[in-house]
Structures are given as C-alpha cells and as structure tokens.
Amino acid sequence: MLVLNSGSSSVKYRLLDMADGSRLASGLVERIGEGPVADHAAALRQVAEELDARHLGLDSPRLAAVGHRVVHGGRRFTEPTLITDEVVTGIEELVPLAPLHNPANLAGIRVARALRPDLPQVAVFDTAFHSTIPEHAARYAIDTRVAEAHGVRRYGFHGTSHAYVSRSTAELLGREVAETNTIVLHLGNGASASAVRGGVCVDTSMGLTPLEGLVMGTRSGDVDPAVVFHLARVGGMSNDEIDTLLNKRSGLLGLCGDNDMREIGRRMADGDGAARLAFDVYVHRLRKYVGAYTAVLGRVDAVAFTAGVGENSTAVRQAALDGLRGLGIEIDPVRNAVRGTGARIVSTADSPVVVAVVPTDEELEIARQTHTLIRS
Ligand code: ADP
C-alpha cells in the first residue's frame, strides 16, 4: 500500500506492507514550486524514482492500492472513498472550503492515477471522522439560510489522527473502544482537540477551516470574529492580509516570534517574558478545551496527548493539566517527565481519568482505511 500526503508545498509518502503494517519505504519531497521540483507532477516523479531506486517501484505488481490524504470532504465524503472521475469532481467542488489543501491533494491524485490507472486509489478525508458530530455541536449560531447556502458549519480536521489515537488509547487502557470516552489533544504545528465517545467523535475544536480552536504554531485559534471587522475597518487591512495574519503570523509565532515549542522552552529557561506569555496562552486554551470536553462527554476515561508537541513536551502536558484533580485528572509529574517513544500513561495510579501520551500515525491509519475499503 502506498500512502500519499500531498500538501501545498510538499509530498510525504510511505510504502507499507499490510501484512504487519511495517514501513518498506518513506520520504518527503519538499519545496514544490521552488527550484528543481517545479510542481506536484515533478514531485510524484521523484517519489517514483526514489521507490524505483529501492526496487519498490510504482509499477510493482505487489502494489495493491494508493491511499491519498484529502483534507476537506465537506458533507459529501464521510468515509474512505474509491476515487473515480466523479469523486475527483466532488473533491474539486470542495476547493472553496479548502483553497490551499484540496488542490494540492488533487494534484497528487491526478498524477498517481495517470501513473497507475489500473490501481485502486482511495481518498481518506481529514474531515470524515468528525462527520458524526451532532448537529448542535456542528452548527454555528448564524442564520440557517446563510449557513446552508455557503456550507458554513464545523467540519473538523486531523480526523485520521483523532481516529487512530482514540482507538490506540482504548487499547492502551485495555478497554473496548465502544466503552471508552477520550479527549484527544493533537498538538503539532496545527493543533486540535476532540471529544470521542465510544469511538465516535462528538465534538472537535477546528471548524469550517483549520483556523478555529487551539493556539497553534502560526494560527490564532479562537478569536472574537469581530476582530476581523475591526482590523478591516480600523486597521485598514484587506481580507487577504487578515487571512495571512490569522493563519501564518499568529499563534505562538505571533505572540513571541517562534513557533517551535522547543525554542520557546529554551527562551523561557532564559527568563524570556514573551516566550513565557506565548506558552501560557497556549496552555490556557488547552485547559479550556479539556474542561469543555469533560462537560460534553460527561464521563471521561482518558485524555490523550499526541503529535510533535503532545508527544514530546512534558511542560505543555504538565501545565495544561496541573491542578485538575477536581475534574478527576491527576497528571503525575514524575511519569510525565520520563522520555519515551511508545504509548504510555502519565497520570497517577489512582487518577480517575487516565492521562496518556499516544503517538499518532496518520499514514498507517490511511493505509489501514484504504486496505479495509479495497478488501470489502
Ligand atoms: P505537523 O503538524 O507539521 O505534522 P508535528 O506533529 O511534527 O507537526 O509537530 C511539530 C511541532 O512539534 C514542532 O513545531 C515543535 O514545536 C514540536 N516539537 C517537536 N519535538 C519537540 C520536543 N522535543 N519538545 C517540544 N516540542 C517539540
């Protein structure tokens, strides 16, 4: 199984042996559009060459399918979908909802289909896991006609990660997924929280776009929507300028000039006030979502941290959950400080809610979902 994750300026790939999920090859082609890699077609050719060089070529008869990550599935695509011309058109129709992501995903799909028209190719959508969110959590309280005319609602993103991590967390706890309620905190460059009841997503922090919710590397997360009008009217900024501000120049970067949590940690150790504030804003937002999703779920079995920051930052985990004994959450500072790589528990032995670090694996999840679909 080949998994392709075509982003706006990079293509990540992984070739997996589905007998055991092991990785046969993987890589990253970056800086598409700058220099030697002119476009996605060139990037995919490079992927094909890298695979050829390892005798794992795209033309191999053992290749069973290609799984493509697609960011926005809108309301139409709520499950992994075998790609046909009609599906391509459907993904194209969703470009207005994800103007940066869906065109890049489509470029990858087009090239891969041209290279191997005989192979099943499957689209796995970032939004799909969130399609179960009930209407009262998915709808914004705005005029229904306007919302429906323009598809304005909560879709959510990082779905493959939330799906994978909520399942892995149940496994770590030795419980049935169907009987486990989990708050998943996916903290990478982009960051999102989700409330998962018995394996079914019931709320998530990202919305119409990946801008809403948690503080991220360069995205603001939640702001008063009137900030946008204020910056336009009083600040004289254009829509595009505000879009760039909130998506690319905000979050940790906007607050302190750095978007990497490691660097922020180093600066904090040197007594840097701006880095400290950025960290504090970041963890304050996290706590708010943990509290909110505790209320949404009613009973929480686990809080799971994942992705770059969630898996690695002891300080973020500690600060986000410190003093939440009232919610049944008791993080253990000693366990939490232990460095590790696998899924592990970092709460005290008698904490009613288990706090866990659960490494995510979006490529493996895409491969599994693709595999399940083509076998059925
Ligand atoms: P992406 O969303 O691009 O997949 P990742 O999940 O890889 O991102 O997360 C990247 C972020 O993880 C980095 O920007 C950095 O802030 C953070 N990170 C990675 N390693 C560490 C670490 N050891 N300590 C703290 N933060 C880390």
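In helix 2, Asp85, Val88, Ile91 and Glu92 meet Asn102, Leu106, Ile109, Arg110 and Arg113 of helix 3. By class, this contact of helix 2 with helix 3 has 4 nonpolar, 1 polar and 4 charged residues. The model is predicted.

**Helix 2 and helix 3**
- Helix 2 spans residues 85-93, and helix 3 spans residues 101-115.
- Their axes lie 10 Å apart, and the packing angle is about 160 degrees.
- Angles over 145 degrees count as roughly antiparallel, so helix 2 and helix 3 are roughly antiparallel to each other.
- The crossing of helix 2 and helix 3 is left-handed.

**Helix 7 and helix 8**
- Helix 7 covers residues 226-233, and helix 8 covers residues 239-248.
- They pack at an angle of about 130 degrees, with axes 10 Å apart.
- That angle makes helix 7 oblique to helix 8.
- The crossing of helix 7 and helix 8 is right-handed.
- Val228, Leu231 and Ala232 of helix 7 meet Ile242, Leu245 and Leu246 of helix 8.
- By class, the contact of helix 7 with helix 8 has 6 nonpolar residues, no polar residues and no charged residues.

**The ligand site**
- Residues surrounding the ligand include Gly188, Asn189, Gly190, Asn259, Asp260 and Met261.
- Arg262, Ala307, Gly308, Val309, Asn312 and Ser313 are also among them.
- A polar side-chain atom of Arg262 lies 3.5 Å from a nitrogen atom of the ligand.
- An N or O atom in the side chain of Asn312 is 3.5 Å from a nitrogen atom of the ligand.
- Gly308 has a backbone N or O atom 2.9 Å from an oxygen atom of the ligand.

Technical notes. Residues are numbered from 1 along each chain as its sequence is written. This is a predicted model: local features need pLDDT of at least 70, side-chain atom pairs count only at pLDDT 80 or more; totals for chains, interfaces and linings use all residues. Side-chain values use heavy atoms; hydrogens and water are left out. Axes are lines fitted to C-alpha atoms, for helices over the stretch in contact, and angles run from 0 to 180 degrees between N-to-C directions. Helices (H or I, at least four residues) and strands (E, at least two) are DSSP runs, numbered from the N terminus. Angles under 35 degrees count as roughly parallel, over 145 as roughly antiparallel, 65 to 115 as roughly perpendicular and the rest as oblique. A crossing is left-handed if the near helix is turned anticlockwise from the far one by less than a right angle, and right-handed if clockwise. Contact means heavy atoms within 4.5 Å. Ala, Val, Leu, Ile, Met, Phe, Trp, Tyr, Cys and Pro count as nonpolar, Asp, Glu, Lys and Arg as charged, and the others, Gly among them, as polar. A residue is near a molecule or strand if one of its heavy atoms lies within 4 Å of it. A polar contact is a pair of N or O atoms within 3.5 Å; within protein, one must be able to donate a hydrogen and the other to accept it, and residues adjacent in sequence count only if both atoms are side-chain atoms.
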